[in-house]
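Colleague: I have a model open and would like to learn how to read it. Could we take it feature by feature?

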Amino acid sequence: MQTNSGVYCKNGKKISAIALDLDGTLLNKEKQISIETVNILRKLDSKGVHIILASGRTKKAITIFLRVLNIDCIILSCNGAIVHSKKKQNRLCLFHKPVPNEITQQLIKIATERRLHLNFYYENKIYSIQPLPENVWCAEMYSRASTLTFNFVENWSQLENYSSNKLLFIVTADKREQLYIELNQQFSEVVYIVKTETKFVEILNKETNKGLALISVCQQLNFPIDELIAFGDGNNDIEMLTVAGIGIAMANGTQSLKQVANIISEFTNNENAIAKELENLIDPIHLI
């Protein structure tokens with residue numbers, strides 16, 4: 001039995017925080033959180049473990065799940081571009097690195113010339129121009145998945161004074177790889193580019209990803225990142241699992257993510273993977 005205060009794994013490793021990706025990880029295919037996962041996270045939260053929701057979603061699209069968890073979570077949104085503290089700390093901004101405006105303008109030019117759908121994220125809102133006929137499905141699909149409503153503008157120039165937290169191209173799956181390659185060839189030295197879901201290519205500040213944001217958060221909360229457990233399923237979780245003390249890839253995770261994980265779960269997001277892995281790791285005395 002541990003004599004020091006805190007929560008420990010069965011091997012004696014201290015755990016101060018748990019970072020959770022949402023889609024494909026914390027959320028099942030119905031976009032719900034299992035009661036088993038809710039219960040174990042509440043127990044750990046009551047023991048002083050920080051619960052961090054780490055998603056590509058906006059802060060607004062993440063907070064809808066706080067009611068289900070009933071936990072005061074730290075919110076890492078837009079794949080780490082911005083992090084907010086717990087509600088009891090007034091949701092202070094702990095980390096924020098938007099995309100440089102000059103890069104944003106170049107990406108908008110590409111979207112315009114190639115007639116591609118582009119999401120522009122500012123504060124808690126998603127902006128885009130009115131969709132072209134061939135791109136109407138992009139906005140409709142994204143709205144359904146995120147539960148957010150677009151703010152359409154007539155011209156991109158209306159947003160020129162805003163700094164976007166991230167930009168996201170939506171294309172058909174067969175065109176995504178070529179777009180990803182082309183963007184990397186032109187911009188990889190100045191921004192962070194990642195493929196998410198099956199139709200998205202996201203662009204963030206070069207100094208931004210979930211891992212870098214979590215390093216900053218752990219420093220501000222005064223505990224080593226080695227005391228962090230991170231769960232994920234996608235390529236945008238690679239840096240998060242790499243820097244965490246224990247990085248756990250879901251069974252439904254990408255092969256690239258599994259290559260950097262400390263643990264590859266036998267279970268998917270539809271099989272209570274988070275609850276099962278935490279029960280396997282954490283000393284049961286902390287789960288009473």
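Colleague: Where is I274 placed?

Modeller: I274 sits in helix α10. Keep in mind that this is a predicted model.

Colleague: Is I274 buried or exposed?

Modeller: The general idea is a cut-off: a residue is called buried when its relative accessible area is under 20%. I274 has a relative accessible area of 2%, so it is buried.

Colleague: Which residues does I274 touch, leaving out those up to four places away in sequence?

Modeller: I274 touches L20, T25, L26, T37 and F231. I274 and E36 are 238 residues apart along the chain, and their C-alpha atoms are separated by 8.9 Å.

Colleague: Which other residues of α10 are buried?

Modeller: Helix α10 covers residues 273–281, and its buried residues are A273, I274, A275, E277, L278 and L281. The cover over these buried residues includes the strands β3 (17–20), β14 (228–232), β15 (246–249) and β16 (263–264), along with helix α1 (35–46).

Colleague: Now a residue in a strand. How should I read H96 in β7?

Modeller: Strand β7 runs over residues 93–96, and H96 is found in it. H96 has a relative accessible area of 39%, so it is partly exposed. Not counting residues up to four places away in sequence, H96 touches A81, I82 and N165. H96 and K258 are 162 residues apart in sequence, with 28 Å between their C-alpha atoms.

Colleague: And what does C138 look like, buried or exposed?

Modeller: C138 lies in helix α5. The relative accessibility of C138 is 0%, so it counts as buried. Neighbours within four places in sequence aside, C138 is in contact with H117 and I170. From C138 to N70 the C-alpha distance is 32 Å, and the two are 68 residues apart in sequence.

Colleague: Last, the whole protein. How many helices and strands does the protein have?

Modeller: The protein has ten helices and 16 strands. For overall form, one sets the radius of gyration beside the value from the globule rule. The radius of gyration is 19 Å, close to the 19 Å that the rule gives for 288 residues, so the protein is as compact as a globular protein of that length. Along the principal axes, the C-alpha atoms fill a box of roughly 65 × 35 × 35 Å.

Colleague: What share of the residues is buried?

Modeller: Buried residues make up 53% of the 288. The accessible surface of the protein is about 13,200 Å², and 47% of this surface belongs to carbon and sulfur atoms. Among contacts with a separation of 6 or more, 58% are between residues 24 or more positions apart.

Definitions and conventions. Residues are numbered from 1 along each chain as its sequence is written. This is a predicted model: local features need pLDDT of at least 70, side-chain atom pairs count only at pLDDT 80 or more; totals for chains, interfaces and linings use all residues. Side-chain values use heavy atoms; hydrogens and water are left out. Buried means under 20% relative accessible area, exposed over 50%, partly exposed in between (1.4 Å probe, protein chains only). Helices (H or I, at least four residues) and strands (E, at least two) are DSSP runs, numbered from the N terminus. Contact means heavy atoms within 4.5 Å. The radius of gyration is taken over C-alpha atoms; the globule rule is 2.2 Å times the number of residues to the power 0.38. Accessible areas come from the Shrake-Rupley method with a 1.4 Å probe; for residues, only the protein chains shown count as cover.
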